[in-house]
Amino acid sequence: MNYSEVAKQILEAIGGEENIDSAAHCATRLRLVLKDNDKADKSKVEDIKAVKGAFINSGQFQIIIGQGTVNKVYAELTKETGVSEVSTSEAKKEAMKNLNPLQRFARMLSNIFVPIIPAIVASGLLMGLLGMASRFNWVDPSSSLFTLLNMFSNAAFIFLPVIIAFSAAKEFGANPYLAAALGGILIHPALQNAWTMGEGIEKTLDLFGMQIGMVGYQGTVLPILLAVWVMGYIERGLRKVVPNALDIILTPFITILVTGFVSLIAIGPLMRLVGDGISSAILFTYDTAGILAGLIFGGLYSSIVITGMHHSFHAIEAGLLSKYGVNFLLPIWSMANVAQGGAALAVYFKTKNTKMKAIALPAATSCLLGITEAAIFGVNLRLVKPFIAAAIGGALGGAYLVLTKVGMVGLGVTGIPGATIVEAGSLVNYIIGFLIAFGGAFAATWIIGFKEDK
């Protein structure tokens, strides 16, 4: 492959060097912030042999090229244009300027939660494997090995406020180490463990006439998010008025003191109520709407993925895990992802376009592992009708999982790997839902068909 030629073709199709504000890349995609997205010819970009798909998301013109290849094309693109190389995070910040307030809020949550997913995924997978080991008597639950592994599996959830605080600080412009300390305050051993709240508040303090419940915030999301956001304002405000000579002493001291009091007196209790309300509302919808909830959630999820707002769901899912010990949304998202693979596989068998065949089969396979970008943007959405068929498959699979009350004990893992974090007793129904979603999307695509450009 001539990477220089590919870079030139892309440059021509997006409106030339003068239309680029910034350029970056991730593992599989070029991420370009363009001055005018209308000047970019999306179909012309997709016609380039090395390109597997293109789409506009979160203010960026993203071009799917593939692992390894994207690095070389990116290097040639920056060489050809002289555009300054920026990191993916810098490109995201540049792209934020092009978003509306709702999109910026969703992107903010995404920027906070995506970096911490590996820790949550590792803990969730281990938790799921331990559950299976205990269920099938592969290991003695009272053994020393099981005790240690169980400690490893729930550590990320116990210390979730500290992990979120560190990540949120980067987004809110606060000191990440002060934020981590604030997270530690909210789960301090002197506070009652949040998971014992069902038994009532054991101890309160009388502070200046105010009653403060000595309750921790283990596993919660909203309290630490708002606390770190407030901390950012306090810290930046102090740096404007504290003399430079005293900054290293006074700024962190006052910041942690003020934010700590405000968090325990006001932010924590208020956000706990809000978080509980959101979780209860979702649970109410899930319980009362039944199959309809699965149809709606499973059918619409991939459309939400296109906007990039799906990352904001991690906060809700973490809240469900902390309150109920089960994540009943993730299995539905898994059905939507798997359905995209079923639709892409049907395209592989039906299409006569050689390039589309080359994209569709690996894209369908990656969906089984929970990675849907290539299938959504390179195949199904490009042909439109397969995307609709995938929504039908996702809705059917989601409805079945709601009907059979399938839940997961972790975050971030879908498709085949998701089977490892399915709660005890639900694995068979998860597999059945998997087959319904994949097969339903395949059949719907085959029946509905699609029209290809000649």
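In this predicted model, L178, A181, L182, I185 and L186 of helix α9 meet P252, T255, I256, T259, G260, S263 and L264 of helix α11. Sorted by type, the residues of this α9–α11 contact come out as eight nonpolar, four polar and no charged. Two packed helices are described by the angle between their axes and the distance between the axes. Here α9 (residues 176-186) and α11 (residues 244-289) pack at about 35°, and their axes lie 10 Å apart. As for handedness, the crossing of α9 past α11 is right-handed.

Next comes the pair α7 and α8. Helix α7 covers residues 144-158 and helix α8 covers residues 160-172, and the two pack at an angle of about 55° with 5 Å between their axes. α7 and α8 are therefore oblique to each other. On the α7 side the contact is made by A156, F157 and I158, while α8 brings in L160, P161 and I163. The tally for the contact of α7 with α8 is six nonpolar residues, no polar and no charged.

Turning to the strands, β5 (residues 204-207) pairs with β6 (residues 210-213) in the antiparallel sense, over four bridges. Across this pairing, D206 faces Q211 of β6. The hairpin formed by β5 and β6 has two residues between the strands, and F208 takes a positive phi there, near 55°.

A360 sits in α15 itself, and with a relative accessible area of 0%, A360 is buried. Leaving out neighbours within four places in sequence, the contacts of A360 are A344, V347, Y348 and V379. For V347, which is 13 residues away from A360 along the chain, the C-alpha to C-alpha separation is 6.7 Å.

Once residues up to four places away in sequence are set aside, T372 touches N337 and C367.

Definitions and conventions:
Residues numbered from 1 in each chain as written. Predicted model: local features only at pLDDT ≥ 70, side-chain atom pairs only at ≥ 80, totals over all residues. Heavy atoms only, no water. Axes fitted to C-alpha atoms, helices over the stretch in contact; angles between N-to-C directions. Parallel < 35°, antiparallel > 145°, perpendicular 65-115°, else oblique. Contact = heavy atoms within 4.5 Å. Nonpolar A, V, L, I, M, F, W, Y, C, P; charged D, E, K, R; others polar. Pairing = 2+ DSSP bridges. Left-handed = near helix turned anticlockwise from the far one by under 90°. Buried < 20%, exposed > 50% of the residue type's maximum accessible area, 1.4 Å probe, protein only.
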